[in-house]
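Biologist: I am new to this structure and would like to learn how to read it. Could you take me through a few features?

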Amino acid sequence: MYDPFDDVKRFWRAMDRVFEELLDRPVEPMPIARSFSVGFREPFVDVNETSDELIITAELPGMDKKDIELNLTEDSLEIRAERKEEVKKESKEGIMVRKGYTGFQKFLSLPVPVDPDTAKATYRNGILELRVKKAAKTKGKKVSVQ
């Protein structure tokens, strides 16, 4: 005799097996991206190369110069900017406190080696511009095989 609920029962048994298999598996932690913190956004960044320097621009709206930190090495750049704001207003009804937080962070591998000592950074109207000279190219040496 045909039972119309046989298909439904088979479906539920199959779903039970799927969930049992999922729960029996060990849980692996999610990988954490290098040098990024929760709550930070990535700024829009452009890297332009001329014959003798790199020009890196980043959009950091709402930041002050003092909020921006740059860590530059010969082959990488880390841009980090964060601003915390607290506004406190008192009135007859009570005290209102509003807290705000804005943060940006970006890690870049540079396309060519640079000389960090030549870096010059400016910040105007929410745009950070970093200019840095390319590293002096070392000349190769011909080696004879003996």
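Modeller: We will look at a residue, a core and a sheet in turn. This is a predicted model, where local features need pLDDT of at least 70, side-chain atom pairs count only at pLDDT 80 or more, and totals for chains, interfaces and linings use all residues. Residues are numbered from 1 along each chain as its sequence is written, and side-chain values use heavy atoms, leaving out hydrogens and water.

Biologist: Is Thr57 buried or exposed?

Modeller: Buried means under 20% relative accessible area, exposed over 50%, and partly exposed in between (1.4 Å probe, protein chains only). Thr57 counts as buried because its relative accessibility is 19%. Thr57 sits in strand 2 (residues 53–59); strands (E, at least two residues) are DSSP runs, numbered from the N terminus.

Biologist: Which residues have the most contacts inside the largest nonpolar core?

Modeller: Such a core is a set of buried Ala, Val, Leu, Ile, Met, Phe, Trp, Tyr and Cys residues joined through side-chain atoms within 4.5 Å. Here the largest one has 18 residues, and Leu60, Met63, Ile68, Leu77 and Leu128 have the most contacts inside it. Strand 2, strand 4 (76–91), strand 5 (94–109) and strand 7 (127–133) each give two or more residues to this core.

Biologist: What is the order of the strands in the open sheet?

Modeller: Two strands pair if DSSP finds at least two bridges between them. The three strands of this open sheet run in the order 3-4-5, with antiparallel pairing. Strand 3 (68–72) and strand 5 are the edges, each pairing on one side only. Five bridges join strand 3 and strand 4, and Leu72 stands opposite Leu77 in strand 4.

Technical notes. Helices (H or I, at least four residues) and strands (E, at least two) are DSSP runs, numbered from the N terminus.
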